[in-house]
Amino acid sequence: MSNLYGVLTHLSCSLCGKTYDWNQLLNTCECGKPLLAQYDLSPATLARESLKGREPTMWRYREVLPPCEPISLGEGFTPLHHAPKLGERWYVKDEGLNPTASFKARGMSVAVSMAKHLGIRTVAAPSAGNAAGAMSAYAAKAGMDAHVFMPKDTPRAFIVECDYLGAHINLIDGLINVCGAEVRKFIDSHPSSPPIFDLSTLKEPYRAEGKKTMGYEVAEQMDGRLPDVIVYPTGGGTGLVGMWKAFDEMERMGWIGPERPKMVSVQAAGCAPIATAFARGERFADEFPNAYTSASGLRVPKAIADFIMLDLIRASRGTAITVTDEEMIAATREMSSKTGVFAAPEGGATLAAAQKLRDSGFIKPTESVVLFNTGSGLKYLEALAL
């Protein structure tokens, strides 16, 4: 293995702290909570100056990624656009330019790479759409079988994408949490060696490793600084969890000091478990009843990483906020027409939320703000149609 690969030392439970050997197949801790990858890091591990001339993908940060051969389609290093028509120091990070047209490509690239490294031949996952497409694509490149479980009303673009990428498609009468239960039943009813591996959000350790590269990129693209505020659309929350982890790693390597952006979680008013728990001062979030939103990526009524997100939002002096579907669709049009980025509804949700927070004084006129557009509007034509 190249010496450019980082030293992954172990996996640790995000709640109870129990540690595990990384070089084995694991989903969650014995307590049922997410496992996170831990590295031996120092200022000598990865100097920001050493990145000059490296490949323009997320694998440029290979020293802080797992020691596996990358299964890559060119994901990551997406543009950070200055958006002065939205706010003087506002920026849009356009994840829609990833392979499979969403940020999910980052997580699935690492997760599938590590699954193959550990001998897996078949993967499965529940998805509201984008994760299914990404897993299908990376499994296809890896020569793996992929089984995706999506709600029956998933936008057509995602279903066609998975079909053409060779995945086995299962359309389920229920939301993503019901799809997750069906994945578990499927795996349990199809014992094999090696087993079918569950790549559900934060129910394996490595999707967060791909998502954390968004934090590294923002720091690199802002010349070693972090923004004052990060506004992020939140379903399962891997992006928030991953970026917060990246900031800790960057501090350990001397990239940044202890300063952190205010982390803002944006949810749909019709599906807001994190925002509800935040408002109530709770550490864990109840399942959100009768969840609905036209932004399929935000339709996650229960997230396994609820406590991680709520902890980091509070530690950053951030907040969790909701927007209505009408507000996010209107803001999607505004973001698109004022920046040239054809945003997904989830991206529009960040603009709607940021405008509310600016009006309330939470976001100051002098603060730098990064809005994450997590996917391409091309995948959401039903939701965005006139």
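An axis here is a line fitted to C-alpha atoms, for helices over the stretch in contact, and an angle runs from 0 to 180 degrees between N-to-C directions. The model to which this is applied is a predicted one.

In this predicted model, the axes of helix H10 (residues 325-339) and helix H11 (residues 345-360) come within 7 Å and cross at roughly 95 degrees. Angles of 65 to 115 degrees count as roughly perpendicular, and H10 and H11 are therefore roughly perpendicular to each other. On the H10 side, the residues that meet H11 include Glu327, Met328, Ile329 and Met335, while the partners in H11 include Pro345, Gly347, Leu351 and Lys356. Sorted by class, the contact of H10 with H11 holds 8 nonpolar, 5 polar and 3 charged residues.

A sheet provides the next feature. It is open, is formed by 3 strands in the order E2-E1-E3, and has antiparallel pairing. Strand E2 (19-20) and strand E3 (35-39) stand at the edges with a single partner strand each, so one side of each is left without a neighbour in the sheet. Strand E1 (residues 8-13) pairs with E3 in the antiparallel sense over 5 bridges, and Leu8 stands opposite Tyr39 in E3.

The largest pocket is lined by 39 residues, of which Ile176, Thr201, Gly236, Val300 and Lys302 lie nearest its centre. Among the elements that each supply at least two residues of this lining are helix H2 (130-142), helix H5 (207-211), strand E10 (229-233) and helix H7 (238-252). The largest share of the pocket lining, 4 residues, comes from H4, which spans 176-189.

The table sets out the volume and the lining classes of these spaces.

| Space | Volume | Lining residues by class |
|---|---|---|
| Largest cavity | about 50 Å³ | 9 nonpolar, 1 polar, 1 charged |
| Largest pocket | about 650 Å³ | 14 nonpolar, 17 polar, 8 charged |

Notes: Residues are numbered from 1 along each chain as its sequence is written. This is a predicted model: local features need pLDDT of at least 70, side-chain atom pairs count only at pLDDT 80 or more; totals for chains, interfaces and linings use all residues. Side-chain values use heavy atoms; hydrogens and water are left out. Angles under 35 degrees count as roughly parallel, over 145 as roughly antiparallel, 65 to 115 as roughly perpendicular and the rest as oblique. Contact means heavy atoms within 4.5 Å. Ala, Val, Leu, Ile, Met, Phe, Trp, Tyr, Cys and Pro count as nonpolar, Asp, Glu, Lys and Arg as charged, and the others, Gly among them, as polar. On a 1 Å grid over the protein atoms alone, a cavity is a set of points where a 1.4 Å probe fits but cannot get out, and a pocket is an open set with protein on both sides within 12 Å along at least five of seven lines; lining residues have an atom within 4 Å of a point. Grid points are joined across faces, edges and corners, and a volume is the space filled by probe spheres set on the points. Two strands pair if DSSP finds at least two bridges between them.
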